[in-house]
Amino acid sequence: MFNVTKKSIQWGEETLTLETGKVARQADGTVIATLGETSVMANVTFAKAPKPGQDFFPLTVHYQEKYYAAGKIPGGFFKREARPTEKETLTARLIDRPCRPLFVPGFKHEVLVMCTVLSHDLVNEPDIVAMIAASAALTISGVPFMGPIAAARVGFVDGEYILNPECEDMTQLRNNPEQRLDLVVAGTKDAVMMVESEAYELSEEEMLGAVKFGHDAMQPVLDLIIDLAEACAKEPFDFVPPNYDELYGKVKAAGETQMRAAFAIKDKQERSNAISAAVTAIKDALSEEDREDANLGSAIKKLESGILRGDIINGGARIDGRDKTTVRPITSEVGILPRTHGSALFTRGETQGLVVTTLGTGDDEQIIDALEGNYRSNFLLHYNFPPYSVGEVGRVGSPGRREIGHGKLAWRALQAVLPAATDFPYTIRVVSEITESNGSSSMASVCGGSLSMMDAGVPLKAPVAGVAMGLILEDDGRYAVLTDILGDEDHLGDMDFKVAGTENGITSLQMDIKVAGITPAIMEQALAQAKDGRMTILGEMNKALSAGRTEFSEHAPRIETMQIPTDKIREVIGSGGKVIREIVETSGAKVDINDDGIIKIASANGEAIKKAYDMIYSIVAEPEEGKIYTGKVVKLVDFGAFVNFFGKRDGLVHVSQIANKRLNHPSDILKEGQEVKVKLLGFDDRGKVRLGMKMVDQETGEEIAPEKKEEKAD
């Protein structure tokens, strides 16, 4: 019944296996990849004809994590997997980005790639396995795919690169001081196609070394996929790339002059309008048959690309007049919103981000339900890209894949410089509203996010800036690396290479390639140019704010933490939460306690925090022998007075310890409800508290020296 093909290699410390022919046999290509005991099934299907008038390549990639893979049942009311999680969306993008450029140019048939996590051993990350499975499934499906690709994850500990670190080592990277890098690299046999990373201030040399290490490590996987394809790949789909040279000649003749004039305009909106007018003029000059040609869009894009790229590669200026290494003019402002906890407006050329920071308490932490288990995140970054930022109209809805991806990139860039949660016990939410966009809005979010957090009083280890690099790579080998690219340079160029970091090193790197990979030499030049650009941007940011403010906004909560013994947690909470509710109601502060005995007390009112702190301290602390306390007389008896001196703790002041003279009865100088100063003398054999008054000055609360006791006794 089954025609199974199975190939395996030893990869790192685990066995990697690719299997096909048994499951999902009606798909064009299906591969189950297994690393250790983590298995991902990739299924590829593609339309055998393009849709009429289709002028773009409709590739769709889905990545799904099934909870049964880790022996879990989903949370929530419906108890089934619903909308994609952030990780699923980001992993789908990881798969899409290196694969998309490798389809034969001109192929516009719809392609669907679905990756499903079937088993997760909680040791090997399924995203790398999914990328390998997807590549293998595409390679054997017959679709015109110029792969395969492979992928690897790289860690960095004590100066050593680590291949595919375990999940536990990479979860919540900022809580693991030994691990300084989480880098995913994908590529073909000869070149790198995609890089995604978060890092702790690695140098350019260390980051480049990590990319090279990952690319070298994936070579056996590429050989394995080729071995599988040689054994079972389907016949290549009969596809001949369209030849639209004749149509391109007509387009060029009809509109090159007007298009060149449009690209000479420096203002984005004016240039965009002029390009649209040139496109309309080209279409009007063509015959009806040419206007209906499905390749017309490609021919017009080729004309635009040739003009922009040709000017740059031949040594000319870029479309806004800059040279290859100059950063656009920058303006930074902070504290522009009066009621927010921190805010910044970062403007670089025609790209602008309004970035706002909000400080919250432990209750505001995000609870993330993952296959590896639930965990909390106290740093959130959300990126919004409304249509008006590019002068367009359009539907506004929930965040799309692009917004999630850009937000996560900025999150990765900033997380490396955050203070430890024990030192700064706040939940931090950063929201980047892109108000203008002409290239590199994610890096504007990094710069604005850094400034807005410093404006909110977050003690960052160092300011962070980011810059996007571009590439023009010609068939004859000539190339130009561009600093701080515009939207058109991204759209018509060959690379989007984003680097963020501090003065000391890189905190995030993301690279996407639109050609069949780049060489280490190009990457090295891009990193060097990016460092220069980053330093320029940091210098401009420092003019607005160079370090975190020492005072919080009056509207931000204040949080104080205290550690209590875990066996005292029950006493603080009380039966049914009675005690902690009383503390909150009496003090007016917000109190959060975790299983480790760490208590966070939050309020905009410092007195409320102190009151809650004192109430909790009185519950959990033990009175110290020899220390002086302020108490209240609660009961008088013949042999002394009972004083409530420490929370709900009472102690006895014997009649002989009340004053330095003989008393007939404690009521001679005391009455119930009177406030007194007492010293804890010790505990009797039954654990009862012994207190004394006569050795304490009742006015100042200070202990009376022995010689003064004798004088008073005389």
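These notebook entries record what I looked up in a predicted model.

**Conventions.** I number residues from 1 along each chain as its sequence is written, and my side-chain values use heavy atoms, with hydrogens and water left out. Since the model is predicted, I require pLDDT of at least 70 for local features and pLDDT 80 or more for side-chain atom pairs, while totals for chains, interfaces and linings use all residues. Helices (H or I, at least four residues) and strands (E, at least two) are DSSP runs, numbered from the N terminus.

**Entry 1: helix 16.** I looked up residues 606-620, which form helix 16, with 15 residues. The helix reaches 21 Å from its first C-alpha to its last, close to the 21 Å expected at 1.5 Å a residue; the expected span is 1.5 Å times one less than the number of residues. At the start of helix 16, I noted a side-chain oxygen of N605 within 2.8 Å of the backbone nitrogen of E607.

**Entry 2: helix 1.** I looked up helix 1 (residues 86-99), which has 14 residues and reaches 20 Å from first C-alpha to last, close to the 20 Å expected. Twelve of the 14 residues are buried, so helix 1 is largely enclosed by the rest of the structure. Among the buried residues are E88, R93, D96 and R97.

**Entry 3: aromatic rings.** I counted 20 aromatic pairs, taking rings of Phe, Tyr and Trp (its six-membered ring) as paired if their centres lie within 6.5 Å, with planes under 30 degrees apart stacked, over 60 edge-to-face and the rest tilted. The rings of F46 and F237 have centres 5.4 Å apart and planes at 80 degrees, so the pair is edge-to-face. F46 lies in strand 4 (residues 38-46) and F237 in the loop between helix 5 (219-232) and helix 6 (245-263), so the pair ties together parts 191 residues apart in sequence. F46 is buried at 7% relative accessible area, whereas F237 is partly exposed at 22%. The charged end of K48 sits over the ring of F46, 4.1 Å from its centre (NZ of Lys or CZ of Arg within 6 Å of the ring centre and within 35 degrees of the ring normal). I recorded one aromatic cluster formed by F57, F103, F107, F145 and F239.

**Entry 4: R534 in helix 13.** I located R534 in helix 13 (residues 520-542), where R534 counts as buried at 1% relative accessibility. Leaving aside neighbours within four places in sequence, R534 has contacts that include E204, A465, V499 and T502 (heavy atoms within 4.5 Å). The side chain of R534 reaches the backbone oxygen of T502 at 3.1 Å. A521 is also found in helix 13, but counts as partly exposed at 48% relative accessibility.

How values were computed
Polar contact = N/O pair within 3.5 Å; in protein donor to acceptor, adjacent residues only side chain to side chain. Buried < 20%, exposed > 50% of the residue type's maximum accessible area, 1.4 Å probe, protein only.
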